[in-house]
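Subject: Model handover

Hi,

Here is the model I said I would pass along. Have a look at it first, and then read on for what I found in it.

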Amino acid sequence: MSPAEQAQITQSTRNGWLLSAPALVLLTIAAVGPLAIVVAYSFMPQGDFNGVAWGFSLEAWQGILFTKDVFDGTLAWADANLTIFWRSVKLSMLTTVFTFVVGFPTSWFIATRAPKARALWLFLITIPFWTNLLIRTFAINEIIRKEGLLNTILLKLHIISKPLEMIYTDTAVFIGMTYVYLPLMVLPLFASLDRFDMRLLEAAYDLYASPFQVLRKVIVPIVKPGIIAGSILVFVPSLGAYVTPRLLGGGKNMMIGNFIELQFGQGRNWPLGASLSVTLLFIVTGALLVYVRHANRETTHGQ
Amino acid sequence: MASKGFVLSRLPGFNAIAIGVFVALYLPIGMLVVYSFNAGKSVASWEGFSLQWYAVAWANDAVKDATIRSLYLALSAAVISTLLATLAALGTTRRAAFKGQTFIYVMINQPLMVPEIVSAVALLIFFAMIKQATGYAGMGYLIAAHAAFCIPFAYLPIRARLEGMDLTLETAASDLYASSWQTFRFVTLPLLLPGIFAGMMLAFVTSLDDVVITVFVKSAGQDTLPTYMLGQIRRQVTAEINAISTVLLALTVALLTLFFLLTRKKD
Amino acid sequence: MTQTIAVEARNVVKAFGHADTAVRALDDVSVQIRKGEFFTLLGPSGCGKTTLLRLIAGFEMPSGGTILLEGADITTLPPNKRPVNTVFQSYALFPHLTVAQNIGFGLEMLGRPKSEVQATTARMLALVKLEAMANRKTSQLSGGQQQRVALARALAPSPKVLLLDEPLSALDLKLRKEMQIELKRLQLETGITFIFVTHDQEEALTMSDRIGVMSAGKLQQVGPPKEIYNHPVNRFVASFIGETNFLPASRDGDRYRLDCGIKIAAPASNAARVTLTIRPEQVRLVAETEADALPAKITNLVYFGTDTHCHAALLDGTEVVARLQSPASGDAGLAVGQSVGLRFVPEAIQVLED
């Protein structure tokens, strides 16, 4: 390589870093750096009133799964915590599956419209996506709460004699999360289906496939990357959800997000909150890595 | 009409589900909007058209304060994040891949990957330390936090625009005696502007919508519209919330429409 | 006399990629391009012709060697410091500027006074006959019009050398023919040195003063079109420019013995083993019985309208194509399987020593 070529590359790389530097600085101060402190806190003992005390301790990590008996110091499963984890995972999975079941036909519907109409339908999915999460949750709240629209209608029609107790149940959280995260499933699925070559349908039907076989054997395998992307985009925020379970699940039906918040209130357990946060972060990172791996494999397959 | 014949792309039941999904998506929001004009207090009964809840919200100083704070915060965050994202996008596109580029991508997209509650908790701890050390408790914390998590939202459309841009245009400019700065000023920037506006709009909407991080980072008396609403909903449901929601919704729809007009591909 | 040389490349090497996997796009290329000439770099895609052009423009830095402009070393000069302009294959017109603004861009960057920019732009618009389009956006123009704007834009700063990177490849055949004539006219009118890159041999033959044929990063032959066509120095040049027949042969005294056993006359050579090439239009079809005729059998007849290609196999199976002008009746009176005689004019035979 000649010095001139070398100089060109060196300068290009230097400019790349210099231009990115301001963003990196802000992100380090107000996003990544604080995460490091959370990690550190998870290895510290609990402070006397709140916060942490200096020192090293694995108690917070132990505290995720076990409770220590106050008197004899024996360990027992922390049932309350386990219930919350199980609820979080269960609801997130249910949400993911259900958003897929209804989101796939929706994406297919959009992808098979004429180009002009397609843009409009897509826009209709995008509006709820960008609408304040709080407003959307609140809107669901208005429908399903005790004096809400659904109960009012059902009562007036005499289908039920007393209001259904839907709000502050797991079902309410599930309905709410499905509602707020559905666009996250539809958008990547649509992106995949939009690139799907519709002529393959002609080929499949020509070769005697039934509609169901076309779906199973042709469409789904080809748009698999979109399915995985959508599933992860729904599962990840569901697992860390805070607002929706807070408003629809009430104080009892907590998910991990609310449980973490609880640890940072007055006189609570900051190190435990930190270790819970790190755990959540790990699960999410793991899910994303699976996706990246898969996406990479798909693209190398394609070429 | 009876028999529509075979349509290649139709799968049984799909259209029905899709229409159902659109109805389900818009029904709750629609009810919210409709009942914001209700004369009565409850969604249980419609008592006639009225703008009274808008009047109530407008007269409420807490709402006014929160609105102004929200707009100020969103505007600051959008301007800062868009500026930084534009620079970063220029730094990470259209040059030979360099060592550390993946690191930069991960850093920039980090706010999208980390669960919001975790970021919120992290910022709570970190800013509490700074507050204690410096005694400063102003809007700076919220602006910094919002600007940071808005960066990926501003970055994505700007980068997309840059990547879609024909590199030979810049080569042509340098061939026609433009210096690096002139090339940027007279060719790259004018072509990039729609992307920059689009990015700024997404950043603005993202900041305006944020609840979780704001709740954890704000000091006393720094309610934004969403945190004010959250507080209200926790206590009791008032029809005032419907009115505020409707206004926020209208703002989001307006900005999104503008965004789509800006990024729409010209035929 | 360096004053007559516009551009010179000395031992230019350009490698892409990293050390072990590096690909040599240019492998020790040296060439002199004279002032005021229409020089064409011709070769298949990937032969390095565009790379050489980009090195002259300054868009890329060579891995080795020197590039001189009128005797001055410009090897490491950035493109905006070189009095050389380019017409890009994609035209690269600025979509946010009008036609006139595009044409005036270079002069404006050079900081020329407004009056001069306006005057030159007007002159250029007239030169490419686009006066009526001055205030249009470039996206509203047809392909041919965009091509003219690209030309005017590159000519406006009166460069010492104009580089044209396959500028006609996006146009349809009819428009391409028109633009070929137009380009030649512009070159004569402006007197600027043109370096033209193309993979189209016909384009190269019709427009160029001299052609440089490239293959695999090397310059194979440099010369005027007639010389390149009639006296190709190697098999690549012979086959790339026009169609030709290859006949393996051995020297036998002052004649050559073809592999079918028959001896024929051809220009002298030193090698024992050679390949004789002859263009299809130089092959004559004669009666089988005629003296010195090569006996052959017609294997295929392909009708092209103006002429017919007659494929014939020699005794050993070597195929020879003869191009026959279609007679007025449209029927040459030939049939597949028919035995014929082939005759080569000795002067039309080129001897390649492989």
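Predicted model: local features only at pLDDT ≥ 70, side-chain atom pairs only at ≥ 80, totals over all residues.

Where domain 1 of chain B meets domain 2 of chain B, 7 residues of domain 1 are in contact with 6 residues of domain 2. On the domain 1 side of that contact there are 4 nonpolar, 2 polar and 1 charged residues. The domain assignment places domain 1 at 14-50 and domain 2 at 61-263, and the C-alpha centres of the two domains of chain B are 31 Å apart.

**Chain B against chain A**

Next comes the contact between chains A and B, to which chain B brings 69 residues and chain A brings 72. On the chain B side, the elements giving two or more residues are helix 1 (14-35), helix 3 (61-92), helix 4 (101-113), helix 5 (116-134), helix 6 (140-164), helix 8 (180-209), helix 10 (225-235) and helix 11. Helix 1 of chain B supplies the largest share of that side, 11 residues. By class, the side of chain B that touches chain A has 56 nonpolar, 10 polar and 3 charged residues.

Helix 4 of chain A (residues 115-130) packs with helix 11 of chain B (residues 239-263) at an angle of about 130°, and their axes are 10 Å apart. An angle of about 130° therefore makes helix 4 of chain A and helix 11 of chain B oblique to each other. Their crossing is right-handed. From helix 4 of chain A, the residues F123(A), T126(A), I127(A) and W130(A) meet T252(B), V253(B), L256(B) and F260(B) of helix 11 of chain B. The residues of this contact divide into 6 nonpolar, 2 polar and no charged.

**A helix pair within chain A**

Helix 7 of chain A (residues 170-194) and helix 10 of chain A (residues 224-239) pack with their axes 8 Å apart, at an angle of about 160°. That angle makes helix 7 of chain A roughly antiparallel to helix 10 of chain A. Helix 7 of chain A passes helix 10 of chain A in a right-handed crossing. Among the residues that meet here are M177(A), Y181(A), L184(A) and M185(A) from helix 7, and I227(A), A229(A), G230(A) and L233(A) from helix 10. The contact of helix 7 with helix 10 in chain A has 14 nonpolar, 4 polar and no charged residues.

**Chain B against chain C**

Chain B touches chain C as well, with 15 residues from chain B and 17 residues from chain C. Helix 7 (167-175) and helix 8 of chain B are the elements that give two or more residues to the chain B side. Helix 7 of chain B gives the most, with 6 residues. The side of chain B that touches chain C has 8 nonpolar, 5 polar and 2 charged residues.

**The sheets of chain C**

Which order do the strands of the 4-stranded open sheet take? The order is 2-1-4-5, and the pairing is antiparallel. Strand 2 (23-34) and strand 5 (72-73) of chain C are the edge strands, each pairing on one side only. Strand 1 of chain C is joined to strand 2 by 8 bridges, with F16(C) opposite V23(C) in strand 2. Strand 1 also pairs with strand 4 of chain C over 5 bridges, and there E8(C) stands opposite L68(C). Strand 4 (residues 64-69) in turn pairs with strand 5 of chain C over 2 bridges, where D73(C) is the bridge partner of L68(C). Helix 1 of chain C (residues 49-57) lies across strand 1 (5-16), strand 2 and strand 4, running at about 115° to strand 1.

Chain C also has an open sheet of 6 strands in the order 6-7-8-3-9-10, with mixed pairing. Strand 6 (84-87) and strand 10 (218-223) of chain C each have a single partner strand, so one side of each is left without a neighbour in the sheet. From one strand to the next the twist averages 20°. Strand 6 of chain C runs parallel to strand 7 (residues 161-165), and 4 bridges join them; T86(C) stands opposite L163(C) in strand 7.

Note on methods:
Residues numbered from 1 in each chain as written. Chains lettered and ligands numbered in written order. Domains from an automatic or database assignment. Contact = placed C-beta atoms within 7 Å. Nonpolar A, V, L, I, M, F, W, Y, C, P; charged D, E, K, R; others polar. Pairing = 2+ DSSP bridges. Axes fitted to C-alpha atoms, helices over the stretch in contact; angles between N-to-C directions. Parallel < 35°, antiparallel > 145°, perpendicular 65-115°, else oblique. Left-handed = near helix turned anticlockwise from the far one by under 90°.
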